[in-house]
Amino acid sequence: MVQKAETIWFDGELVPWDEAKVHVLTHTLHYGMGVFEGIRCYTCTDGGSAVFRLREHVRRLFDSAKINEMAIPFTEAQICDAIVETLKANRLAEGYIRPLCIIGTGVMGVYPGDNPVQTIIAVWPWGAYLGAEALEKGIRVKTSTFTRHHVNVMMTKAKTCGNYVNSILAKREAIAEGYNEALMLDTEGYVCEATGENIFIVRDGVLKTPPPGAILAGITRESVMLLAEDLGYTVVEERFTRDALYSADEAFFTGTAAEITPIREVDRRVIGAGKRGPVTAALQDAYFKVLRGENPKYGAWLTRYSF
Ligand code: PPE
C-alpha cells in the first residue's frame with residue numbers, strides 16, 4: 001500500500017489526501033492519454049533535503065505533454081514551486097514525487113476535444129523500488145515475451161500513462177515466473193530497457209547502454225553516464241543484443257525509483273560473479289553522494305528545501 005501523506009496538490013490547491021478525486025468519466029481513465037513524472041527527494045548530509053534534478057523532470061513532463069498535445073495550464077516554474085510547496089506541506093524529508101497531468105471530463109470518445117488538462121502532484125515516502133536487498137545483492141531478470149514499443153506506435157520519448165500497459169504486462173509475467181524484473185527488447189530484438197528502468201552493461205571496464213530510440217531517455221541514465229566518466233570509465237551508447245548481456249561482467253538498471261540496481265541473473269545465466277560488481281558499487285556510491293549533497297560539482301542538480 002502506498003504510504004499516505006496529508007495533502008495532494010490539485011490544480012493549484014492543496015487538498016486533503018482522501019479528497020483528491022476525479023470523476024469516472026475522466027478521459028484519461030478510458031484511453032490512457034495522460035503524462036506523468038517520477039522524482040525523488042533525499043535528506044542531505046549537511047541538513048535539510050533536496051529534490052534531485054527537479055527542473056529536468058519538470059521539463060520532461062512538459063515535453064511529454066507537448067508530444068501528446070496536452071496544454072498544461074501552468075508554467076514549468078509554477079510546477080517546480082508547487083512540488084516544493086507540496087513537499088513542505090507534507091513535511092516529507094525523503095520520498096517520491098508523482099506529478100500527473102490528465103485529460104478531464106467533457107466529451108467522450110477517442111477525440112478528447114477541449115476537455116481540460118488537470119494536474120496533480122502527490123508525494124509519499126517510498127523505499128527501495130525493487131526491495132531492500134536489491135541495491136546490495138542484485139536482482140533476477142527475465143527477457144519478456146512482450147516487445148517494447150516501436151517508436152512509431154507509441155511516442156517513446158513521452159512518459160505517457162498508456163505506454164505503461166506494455167510495462168505492466170511484462171512486469172506481471174516476470175513476477176509470476178519468479179523474477180524481480182522484465183528485460184524488454186525493442187522491435188528489432190535488441191536490448192531496450194526494463195518496465196521502468198534503463199539498462200547498462202559493463203565489460204572490461206567499458207559501460208554500454210542502448211542509445212536514445214525506443215527507450216525513455218532516463219535522467220538517472222544521463223546522470224550515471226556523467227558520473228561514470230568522472231570515475232574514468234568509457235561510456236558508449238550502442239545497441240547490444242541479449243547475448244552481450246549474458247556475457248557481461250556486470251549489469252545494472254537505472255531509474256528514479258530503482259536508483260542503481262545491480263542485475264545478478266538474466267534468463268538463468270549468472271551475470272559476472274552473481275553479485276553487485278565493483279563498477280556498479282562505485283557508481284552507486286558516487287550517485288548517493290550526489291543525492292545527499294556531498295559532491296559540490298553537481299550541486300546544481302539539487303533543489304534544496306527544509307521545513
Ligand atoms: N524507462 C522507463 C520505461 C521508465 O519508466 C523510467 C522511469 C526510466 C526508464 C528511467 O527514467 P529516469 O527516472 O528519468 O531515470 N520510471 C519511473 C516510474 C516507475 C514506476 O513504477 O512508476 C521512475 O523510476 O520513477
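## First stop: a threonine tucked inside

Select Thr 26 to start: this residue is buried, with a relative accessible area of 2%. Keep in mind as you click around that you're looking at a predicted model. Thr 26 belongs to the loop that runs between strand E2 (13-16) and helix H1 (27-31).

How far apart are Gly 106 and Thr 26 in space, C-alpha to C-alpha? The distance is 8.0 Å, although 80 residues separate the two in sequence. Gly 106 sits in the loop between E6 and strand E7 (117-124). Is Gly 106 buried or exposed? With 62% relative accessibility, Gly 106 counts as exposed because the cut-off for that label is over 50%.

## Along strand E7

Next, pick Ile 121, which is found in strand E7. Ile 121 is buried, and its relative accessible area is 0%.

## Into the ligand site

Time to select the ligand, which sits in the largest pocket. Show the 21 residues around the ligand; the ones that come nearest are Tyr 96, Tyr 129, Tyr 164, Thr 220 and Thr 256. That shell divides into six nonpolar, nine polar and six charged residues. If you colour by secondary structure, look for strand E6 (95-103), helix H6 (219-230) and strand E14 (250-255), each of which supplies at least two residues of the shell.

- Tyr 129: a polar side-chain atom lies 2.5 Å from an oxygen atom of the ligand.
- Ile 219: here a backbone N or O atom is 2.7 Å from an oxygen atom of the ligand.
- Gly 196: a polar backbone atom is 3.2 Å from a nitrogen atom of the ligand.

Of the 550 Å² of accessible area that the ligand has on its own, the protein covers 94%.

## Thr 195 and its partner

Now select Thr 195, in the loop between strand E10 (191-194) and strand E11 (198-203). Thr 195 counts as buried, at 6% relative accessibility. Which side chain does the side chain of Thr 195 make a polar contact with? Show Glu 181 and you'll find it: the two side chains are in polar contact at 2.9 Å.

## Last stop: two positive phi angles

Finish with a pair of backbone angles. Glu 69 has a phi near 55°, a positive value in a residue other than glycine. You'll find Glu 69 in the loop between helix H2 (54-67) and helix H3 (76-89), and at 77% relative accessibility Glu 69 counts as exposed.

Then jump to Asp 267, where phi is near 50°, again positive in a residue other than glycine. Asp 267 has its place in the loop between strand E15 (259-266) and strand E16 (269-270). Is Asp 267 buried or exposed? Asp 267 is buried, with a relative accessible area of 7%.

Technical notes. Residues numbered from 1 in each chain as written. Predicted model: local features only at pLDDT ≥ 70, side-chain atom pairs only at ≥ 80, totals over all residues. Heavy atoms only, no water. Near = heavy atom within 4 Å. Polar contact = N/O pair within 3.5 Å; in protein donor to acceptor, adjacent residues only side chain to side chain. Areas by Shrake-Rupley, 256 points an atom, 1.4 Å probe, with all protein chains shown as cover. 1 Å grid on protein atoms, 1.4 Å probe; cavity = no way out; pocket = protein on both sides within 12 Å on 5 of 7 lines; lining within 4 Å. Sits in = over half its atoms within 2 Å of the grid points. Helix = DSSP H or I, 4+ residues; strand = E, 2+ residues; numbered from the N terminus. Nonpolar A, V, L, I, M, F, W, Y, C, P; charged D, E, K, R; others polar. Buried < 20%, exposed > 50% of the residue type's maximum accessible area, 1.4 Å probe, protein only.
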